[in-house]
Amino acid sequence: MIEATQLVRRFVVKKSRQFRSVVQEEITAVDGVNLNIERGEIVALLGMNGAGKTTTIKMLSTLLKPTSGTIAMDGIDVVSQPSLARPLINMVAGGEKMLYWRLTGKENLVYFARLYGYGGHEAAQRAIKLLGMVGLSEAADLAVERYSKGMKQRLQVARGLINDPRYLFLDEPTLGLDAPIAREIRNLVRELAREHNRGILLTSHYMAEVEELSDRIYLLHRGRIIQQGKPEQLRVLSGEQVKYNLTLSGVNAANLDNCFRDLGVNGLKVTQAEGTTHVEFNAPQEFPQEHIFRAVTALDADIVDFRTLEPSLEDVVVALVGETA
Amino acid sequence: MTVFLRIISAEMTKQQRQLFADKRVFFSLLLWPLLLLMSSYYMFKPFSLGATTGTGKVFFADQHALTVFVLTGQLGYTFMYAMTESAWRLTWERWMGTLEAIILTPVSRLAFLVGESLAFLLQGVWMYTVMFSVLVLFSGYQGLETVYIGLAGLGFMVLASISWGTLMNSLFLLSRDVGLMFQLFQDPVNFFAGIQVPVTVLPLLARAIGIAIPLTSALQMVRLGFVTGNPFAATTWIISLLLSSVAAITVGWRIMAWAEDRARTDGTLSFY
Amino acid sequence: MWSTILSVIWQRFNVSRRAYPWSEIGGNLLAAVVPFLAGWILLRFVFGGRVDNSFTQESGGTNYLGFLAIGLATYMNMTGVLLAVGRSLITEQREGTLDALFLTPVSRIGYTLGYTFYQLLLQVPPTIALFVIAWLSGAQIQVLAPGAVLVNLVMAVIGFYGMSLVLASVMLAIRETFITQNTLTTALYVFSGILFPVGYLPKPLRFLSEGLPSTRILHLLRNAWLYGLGPRDLPADYALTAMVALGFLLLGIWLLRHVERLALADMTW
């Protein structure tokens, strides 16, 4: 397990005044973050731009030293002994850096494998296997400068797996990728956690991706964790409501109004068209649906169509961040 | 040892593909030293040989001595430049983002520094071999003795270069202003190392600075070898070569650790 | 065009000030002062303060230190302009902003002139510093024909700018800086007569040397500065030098336009 306790990271930035003195300002990018990641689970770190997600990941991956706080990884003190932690982790960042453009995909992977201590033959074997895993076997001997953006990102994922890490940090891994390739990467991430017992920390701006993959979410805002929990727990905590959309037949509209108001729902909207009645309203997450069926039965009406729209994670995040702001 | 050799091998492959795969670069590596040689040789043309004074006069007694002086200086410059260049190239890795990827690995920092230098040096091994062969032939082949002097000279240069390269790689990681670092460790170091002016002619303070540079001692030993026939004539130069090499590697290694720690503290691993 | 030039100067100034505070001034100064000191030490402490008759014949005098100082100052300014302008476009290409630049209607000449003028401004302090050091070392560096020196400086700006456009185009076309930077600047060092009169070079190489604007400009600059010889004394030389400088300028402009078309057509860039 990775356990980060009271992580703080401050930066000193210089602000220039034209021809005049430079002013130094201290900014706190991460302010007392506590989080943990178990092996076999996917944890998401969400937040607006500038919330501190990348800074947090860099601290966990030993690229950045925390100003204060501790990080323990399977008994290793990551802050004071980063060299012991490095064989166990890896990081994949979005974008086109961290690769040698004039080397081929395979040469890149072999190089990094050797830095991790793999011998020539073993390094080559690992490279070939990983290239197959990310669907780049046919492009193995092509220089990276000829790769498309999606190919470079897949190669990044392969590089992130080169040392078979226990914990993997993925910073926007599907940024700017086509839908089919992004889906492949998500499937790979899921497989790594479920079947290979890797602990994964993921940041992403794609809420659907986070919703699909993550077991738990930490919501970061201005360097602090403002909420955490499973996606469904966050929905409840956000107070966002579920939208209901019913189509009924054989009902008296006048009776409808009173009936649903008694249930305590909000924003009731009733429209009639071609012999049917459409009812729309919002209700809290924990609203028991059997009340709706009892109400419809009491009205002696038939349900033609019944739909619900759960609040999206995006709605949840915006609501929670908005509250904090 | 195996891990160390793996790292060197990995660095060589990477550099060969990333930096030297272009055939035009090889052509340049041949042409450029020739141009430098011309510059060094013709620089002495405004002066009258034989009319020399002071401690360096053995190198300017006649055309032959001057040519050996210039050729050895050129050799020294080439080795030196290779190491400064290797360090400069390392800073590209910061810009490309690959430095972060390397720092992320558990690779031994000392092995990485030495591996970078040695790999870069080995890229030009054919060039150094040609230059040493020219030197051996020009100085008058006198049997195997001359070859031994040549091989010994090559050994001194390689040792001096690796140790200097280790220090350069680490120093360049410290500063974002690599342009100044490059200039600081280019012409001034060439001056103090006695590339164009014999180190024995320099003022005392300049000579002291020169002796701290491993190349100075290696170059002096090579020159003495080809002019007097015995590179080991002066034990002081052997001692200073060994001491300065050990110092350069040790300081370089510690600076790398400090530079990495500072980059992790300031968050500047990926800035350029 | 003037707004482009000023914008580029401002942008370069801010980048240097924030990221590379000392390299551009300090680095160039070192590259000039160190060879000067080497020459001074050789003259004073190895060769007894005397030069060979061949130097007097080839350079027109015995003022070795003055010869050296002017040569190194010219080299400093020339390589400053060449490398700054030469690298400008390939740096944009490597940073991924070249397409964005080429898509704008910004004047390419204005853009590259901005780099040129910025470099020339930047070289003023180290050039002055070099001459101060030369003067303190006992070099005779009084300007004997200021008007002629000024004419030479104008030709130098045109010639160096033209050379830099040619270099920028070549660097962008072959996508390589290593070769051009090292080999070319060293070639200019040798063939422009920076440290020694080009008359020392073998005949076939002298022909190459005479074809460079830098060689001709430096020769005329030294004659004007140290020996007071101006256009009236060497009219043919001045005319030919002006033609060579303009020739390089026109070639550079044409090459740049051509390479830009290739760059925009090549999708892999």
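Analyst: Two residues count as in contact when their C-beta atoms, placed from the backbone, lie within 7 Å. The model is predicted: local features need pLDDT of at least 70, side-chain atom pairs count only at pLDDT 80 or more, and totals for chains, interfaces and linings use all residues. Residues are numbered from 1 along each chain as its sequence is written, while chains are lettered from A and ligands numbered from 1 in the order in which they are written.

User: What covers the buried residues of α1(B)?

Analyst: The cover includes α3 (105-115) of chain A and α5 (109-123) of chain B. Buried means 20 or more other C-beta atoms within 10 Å of the residue's own, with C-beta atoms placed from the backbone. In α1(B), R6(B), I7(B), I8(B), A10(B), E11(B), K14(B), Q15(B) and Q18(B) are buried.

User: How do you know what span helix α1 of chain B should have?

Analyst: The expected span is 1.5 Å times one less than the number of residues. Helix α1 (residues 2-18) of chain B has 17 residues, so it should span 24 Å; its end C-alpha atoms are 24 Å apart, which agrees.

User: Which helix of chain B gives the most to the side that touches chain A?

Analyst: α1(B) does, with eight residues. In total, 24 residues of chain B are in contact with 24 of chain A. The chain B side divides into twelve nonpolar, seven polar and five charged residues.

User: What secondary structure does chain B have?

Analyst: Twelve helices and zero strands. Helices (H or I, at least four residues) and strands (E, at least two) are DSSP runs, numbered from the N terminus. Of the 272 residues in chain B, 55% are buried.

User: How many bridges join β11 of chain A to β13(A)?

Analyst: Eight, and the strands run antiparallel. Pairing needs at least two DSSP bridges between two strands, so β11 (residues 242-249) and β13(A), joined by eight, pair. L248(A) has T277(A) in β13(A) as its bridge partner.

User: Where do the side chains of β13 in chain A point?

Analyst: They alternate along residues 276-283. T277(A), V279(A), F281(A) and A283(A) point to one face and are buried.

User: What makes a nonpolar core?

Analyst: Buried Ala, Val, Leu, Ile, Met, Phe, Trp, Tyr and Cys residues joined through C-beta atoms within 7 Å. The largest has 242 residues, and F36(C) is one of those with the most contacts inside it. Helix α4 (residues 64-94) of chain C gives the most to this core, 18 residues. Apart from it lies another core, of 14 residues, including L256(A) and I292(A).

Definitions and conventions. Buried ≥ 20, exposed ≤ 12 C-beta atoms within 10 Å, placed from the backbone. Nonpolar A, V, L, I, M, F, W, Y, C, P; charged D, E, K, R; others polar.
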